[in-house]
Amino acid sequence: MSGKVWFVGAGPGDPDLLTVKGVRLLESAGAILYAGSLVDRAATYYAPAGCAIRDSRDMTLEEIVAWLIDAAHKHDNIVRLQTGDPGLYGALVEMTRPLDDQGIAWGVVPGVSSAFASAAAAGESLTLPEVTQTVILTRVAGRTPMPPGEDLEALAAHRCTLCIFLSITLLHEVQKALRTAGWPEDAPIVVVQKASWPGEEKIVRGTLANIKSLCQEQKIASQAMIIASPALGARDWETIARSKLYDPAFTHRFRRASSA
Ligand code: SAH
């Protein structure tokens, strides 16, 4: 009988943003394999005495899988701790398929994605009534090519909120795509680096025209989320459309319209 491997979302960096379930699993883990510097604090905060802890930063996928399989033969609970949510750019399926082949049980605990932590840090809403009701989580092609139809310029044509991961060094590509899709030069863009990291978070507010130079001035070249959205800055607008949910004239499941 082997133990169970848990893929746990560590959240964006602040250990307080781990889920209660994630913490419980870390506290009972016989072995923890964590993904790089972003989540090492969480691993060391909550791991029990005697737990085998290893950073996977210098490991290949094959080595990671071999480590997890070996740990599953020695311990009941094994945690693979990943940044944000494990289902976003987390190589999850590449790790679970070999576990399935070995008959090793696994489960996933979702985490707070950096997309949400970045919006929270900037005090922005990703959706706004009558402005945008859609969020696209994406990236631009780096060494990983984009599948057909998913080029940023095609996605940007929707004029909705775009949370762009893994692309801070490719800001010129982001600018080019948004321009081709017809976004104006004064379209607001927010970049958040190390969202939620105590004392290390940086927020840069700019426009399509100047966001790249602002990020260069702030020396932001890694661990950053790019949010482009027509909803940015709405807290300072003169008027916004009301949410129907809280509209006195709107009846829903939990409340009758007061003007009816
Ligand atoms: N699974 C993770 C994403 C991993 S891909 C999640 O759900 O957040 C790594 C990319 O995530 C980085 O290039 C950056 O774009 C983003 N990222 C991760 N942590 C971040 C943080 N604390 N602040 C801003 N962006 C972050």
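Let's start at the ligand: one of its nitrogen atoms sits 3.5 Å from a polar backbone atom of Met225, a polar contact here being a pair of N or O atoms within 3.5 Å. Another such pair puts a ligand nitrogen 2.9 Å from a polar backbone atom of Asp85. On the side-chain side, an N or O atom of Ser113 is 3.0 Å from a ligand oxygen. Taken alone, the ligand exposes 550 Å², and the protein buries 92% of that (Shrake-Rupley areas, 1.4 Å probe).

Before going on, note that this is a predicted model, where local features need pLDDT of at least 70, side-chain atom pairs count only at pLDDT 80 or more, and totals for chains, interfaces and linings use all residues. Numbering runs from 1 along each chain as its sequence is written, and side-chain values use heavy atoms, with hydrogens and water left out.

Now for the shell. It holds 19 residues, with Pro12, Leu88, Ser114, Ala195 and Ala224 coming nearest; to count, a residue needs a heavy atom within 4 Å of the ligand. By class, 11 are nonpolar, six polar and two charged.

Zooming out, an automatic or database assignment divides the protein into domain 1 (4-109) and domain 2 (114-236). Both give residues to the shell, so the ligand lies between them. Their C-alpha centres are 29 Å apart, and 10 residues of domain 1 are in contact with 13 of domain 2 (heavy atoms within 4.5 Å). The two domains bury about 940 Å² between them, 65% of it from carbon and sulfur atoms; that is accessible area (1.4 Å probe) lost on being put together, summed over both parts.

Technical notes:
A polar contact is a pair of N or O atoms within 3.5 Å; within protein, one must be able to donate a hydrogen and the other to accept it, and residues adjacent in sequence count only if both atoms are side-chain atoms. Ala, Val, Leu, Ile, Met, Phe, Trp, Tyr, Cys and Pro count as nonpolar, Asp, Glu, Lys and Arg as charged, and the others, Gly among them, as polar.
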